[in-house]
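Student: I'd like to learn how to read the packing in a model like this one. Can you walk me through it?

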Amino acid sequence: MGRSIARLGSIKSLLARRYARKSVPKAWGAGGLDALCCRFCCPHAPTVAPPALPDRDTRPASVDRAPPSAILTLPGSRATSPSVGNRAQIKREAGRRPVDVMVDWIRADDPVPYLDAVAWMETRAAAIARGDADEAIWLLEHPPLYTAGTSARSADLTDPDRFDVFQTRRGGQYTYHGPGQRVAYVLLDVAARGHDVRKFVAQMEDWVIATLAEFNLRGEKRDGRVGVWVARPDKPPLPDGAPREDKIAALGVRLTKWVSYHGLSINVEPDLSHFTGIVPCGITGHGVTSLVDLGLPVTLADVDVALQKTFSEIFGTAEIARRGKAVQAEN
């Protein structure tokens, strides 16, 4: 009996160590991980909890709801559906998270309403955090709309009646989404990929730069200006003599339980006049461009192929993520 009690105590101690939640450093502020991510994306983002989304007219999408009207599989990917209810059964070790990592590549043919997209992302991110769904990259377009990040300033919404405006919990300021723009929502397990939010945001920018390089276009990062930029020597310099640059891609992410959602957008062939209703990302003096505006006959499908081709170069292979999962399960 004594040995049984001692053994039970050892098991309880082991389980306590394994499942103890790691504390969030106090220096990250009241918003914890989300606040850190928002502050990285925009240095002026507040440390308080982000605003809530507007009330929805309908219930949040269930885990079995497929948001796009049609789902296509990109070259080289496995057949997939956004439904976590249809996910293949995975092998688990008792009390551990799954360690077989796959990334679902999902593409919507038709523009997806913004609140439907947010509801699906929240549901999928929660399922990924529980170990009930694979990571996912969702490629889509939205109808014309503006979104306001956690640090958006009302003065930067210069034409509030032009399109629908949505408050969102991602980092950053005002952004435009619409037809001709490839939105990539990135739902990845950042914990399994290193527990490094700053590195993850930098990888997002690197992924865009690698994608643009597939079309022989050089994208660049700029300190203090999150996103990807292209030099415009064909345009006159700014009044202070600085060379003119245009933004071709924006990004803003949020993390919940170390799983990312929201993501990035690349301007392929949007109506650039739609950006005039906001101050994009709160940055004045520089403009906005697109692949087609730069003279490149690129389609959304071309960008999709380039995004998938360069993904593993930046974020690593499934095997790398699988090892990260295994290490996470041991801790």
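Predicted model: local features only at pLDDT ≥ 70, side-chain atom pairs only at ≥ 80, totals over all residues.

Student: Which residues touch the most other members of the largest nonpolar core?

Tutor: A core is read as buried nonpolar residues joined through side-chain atoms within 4.5 Å. Here the largest one has 36 residues, and Ile137, Trp207, Ile266 and Leu291 touch the most other members. Elements giving two or more residues to this core include β3 (135-140), α4 (197-213), β11 and α5 (300-315). The largest share, seven residues, comes from α4. Apart from this core lies another, of 24 residues, with Ile106, Ala125, Ala127 and Leu145 among them.

Student: Now His262: is it buried or exposed?

Tutor: The cut-off for buried is under 20% relative accessible area. His262 has 3% relative accessibility, so it counts as buried. You'll find His262 in strand β11 (residues 259-267).

Student: What does the side chain of His262 pair with in a polar contact?

Tutor: For a polar contact, look for N or O atoms within 3.5 Å. The side chains of His262 and Thr168 are joined by one of 3.4 Å. Beyond its neighbours within four places in sequence, His262 is also in contact with residues including Tyr114, Met121, Arg170, Tyr185 and Arg254.

Student: And how much of the protein is buried?

Tutor: Buried residues make up 50% of the 331 residues. As for the fold, count six helices and twelve strands.

Conventions
Residues numbered from 1 in each chain as written. Heavy atoms only, no water. Helix = DSSP H or I, 4+ residues; strand = E, 2+ residues; numbered from the N terminus. Buried < 20%, exposed > 50% of the residue type's maximum accessible area, 1.4 Å probe, protein only. Polar contact = N/O pair within 3.5 Å; in protein donor to acceptor, adjacent residues only side chain to side chain. Contact = heavy atoms within 4.5 Å.
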